[in-house]
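Trainee: I would like to learn how to read a model of a protein chain. Could you take me through one, feature by feature?

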Amino acid sequence: MQSDSPLGPFVLVVAAAAVAPLLAELTKRWRIPSVLYELALGIVIGPQVLNWAYETDFIKALSQIGLAFLMFMAGYDVDFARIRGAPLNRAIGTWTISLVLGLVVTIPLVASGFAISDLLVGLALTTTAIGTLLPMLRDRGLMTTRFGTFAFAGGTVGEFGPIVAITLLLSTESPLHETVLMVAFVLVAVGAAFVAARPQPPRIVEMLQRNLNTSSQLPVRIVVLLLVVMLYLAFSLGLDTLLGAFTAGILARLALHRERAEGLERKLEAIGFGFLIPVFFIASGMTFDLRSLLDDPSTLARVPLFLGLFFVVRGVPTLLTYRRHLGGAERVSMACLMATALPLVVVITGIGLETGRMKAANASALVGAGMLSVLVYPLVGFGVLDRALAKGRAEPGEALDEAALEAGPLIADEAPFDEE
């Protein structure tokens, strides 16, 4: 039964946020990410199951801030120095193929009346949950390997590409109008990036470091101000605020040199992953239409369909386009990782429902498939890689320079493929 107190639902959301990582720890053998438990707990405590909590205006506002912080952290994780060259170029090319493929495979769905908008469904199929995958890559020590670099680049583009596409293609304004606004936003962002990347005066650096661990928390406040300013700029230009949040993360990364970023990064992660981001996922679970998924067999049947399409649209191009760069086991593993999708699927389906351009059945099925993808595809992908390592057919490595990235497979279980 729902609590009469307006704070009751929020207490339950915070409790769910605390329980989720405990459940992830209890099931760490299967490496189930905490975000999956956050969504599941949101469903359980929400109106669809126990009906203990509902989305109040306060929770909805926190959820939107949590989404902005999720995109900010995704942008903050982008390290162009690591992924420039072959990893970034290959990732952009692969995602472009995925975008075309996503639109092509959804054309029959729209023609048959199965879906309303091929663009919305197609975009949802091109996303990659890099924020969910990063902790898994770090835990396995793969971030410093060539495989980790390619996976990181592919996941980054798989998150940034859909955000740009959402901004340009899902607006009610004309594409030309949106493009002009996007160019204006990019010019401002490039100017800010130029300023952020310049060496900072020693006196300012010393002041920021001195106040990082005081009650003023000045560097944290400056970063939060940057996030809010970029959100406001994107909103004022009529662009999607996700683009502003993602760009703010990139600017924050540029402004902070590696040796000064660690302390601040831990504090930002504490704010985001410790509080705001879980609220977004739990609130998304609370508003998830579970009944339409379970009550209608045809809706439930769409879940495995979309789960398979995630792999077709993101995984298959990965298998084909990385032949010169990764070995067989690596490509299969990376294809599964690239097919892992959830956060932006939740966002895109929300846009679809708000604008009436997506059927409720498809929205529920897409989110359900996204939840399954977070559970299934990393288990399969890392399982393939772990078995190859255990059999001695693959070895992790440290080569990150451009020449090494172009050289061929780092973890190969077969002879290198011929050049394309």
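**Reading the fold and its details**

Mentor: In the protein chain, 79% of the contacts between residues at least 6 apart in sequence join residues at least 24 apart. Keep in mind that this is a predicted model.

Trainee: How many helices and strands are in the protein chain?

Mentor: The protein chain has 19 helices and zero strands.

Trainee: Which residues does Ala 68 contact, leaving aside its neighbours within four places in sequence?

Mentor: Start with where Ala 68 sits: in helix 3, residues 57-76. With those neighbours left aside, Ala 68 is in contact with Leu 227, Leu 231 and Ala 245. Another pair to look at is Ala 68 and Gly 244, which are 176 residues apart in sequence but 8.5 Å apart in space, C-alpha to C-alpha.

Trainee: Is Ala 68 buried or exposed?

Mentor: Ala 68 counts as buried because its relative accessible area is 10%, and the cut-off for buried is under 20%.

Trainee: How do I read a helix such as helix 5, and which of its residues are buried?

Mentor: The general idea comes first. An α-helix has 3.6 residues a turn, so residues three or four places apart point the same way. Now the case here. Helix 5 covers residues 86-111, 26 residues in total, and its first and last C-alpha atoms are 38 Å apart, close to the 38 Å expected at 1.5 Å a residue. Its buried residues include Leu 88, Ala 91, Trp 95, Ser 98, Gly 102, Thr 106 and Leu 109. Just after helix 5 comes Gly 113, with a positive phi of about 85°.

Trainee: Where do residues other than glycine take a positive phi?

Mentor: Most residues other than glycine have a negative phi. Asn 51 is one case to look at here, with a positive phi near 60°. Asn 51 lies in the loop between helix 2 (34-45) and helix 3. Gln 217 is another non-glycine residue with a positive phi, about 50°, and its place is the loop between helix 10 (202-211) and helix 11 (218-236).

Trainee: How accessible are Asn 51 and Gln 217?

Mentor: Asn 51 has a relative accessible area of 29%, so it counts as partly exposed. Gln 217 is also partly exposed, at 23% relative accessibility.

Terms used:
Residues numbered from 1 in each chain as written. Predicted model: local features only at pLDDT ≥ 70, side-chain atom pairs only at ≥ 80, totals over all residues. Heavy atoms only, no water. Helix = DSSP H or I, 4+ residues; strand = E, 2+ residues; numbered from the N terminus. Contact = heavy atoms within 4.5 Å. Buried < 20%, exposed > 50% of the residue type's maximum accessible area, 1.4 Å probe, protein only. Expected span 1.5 Å × (residues − 1).
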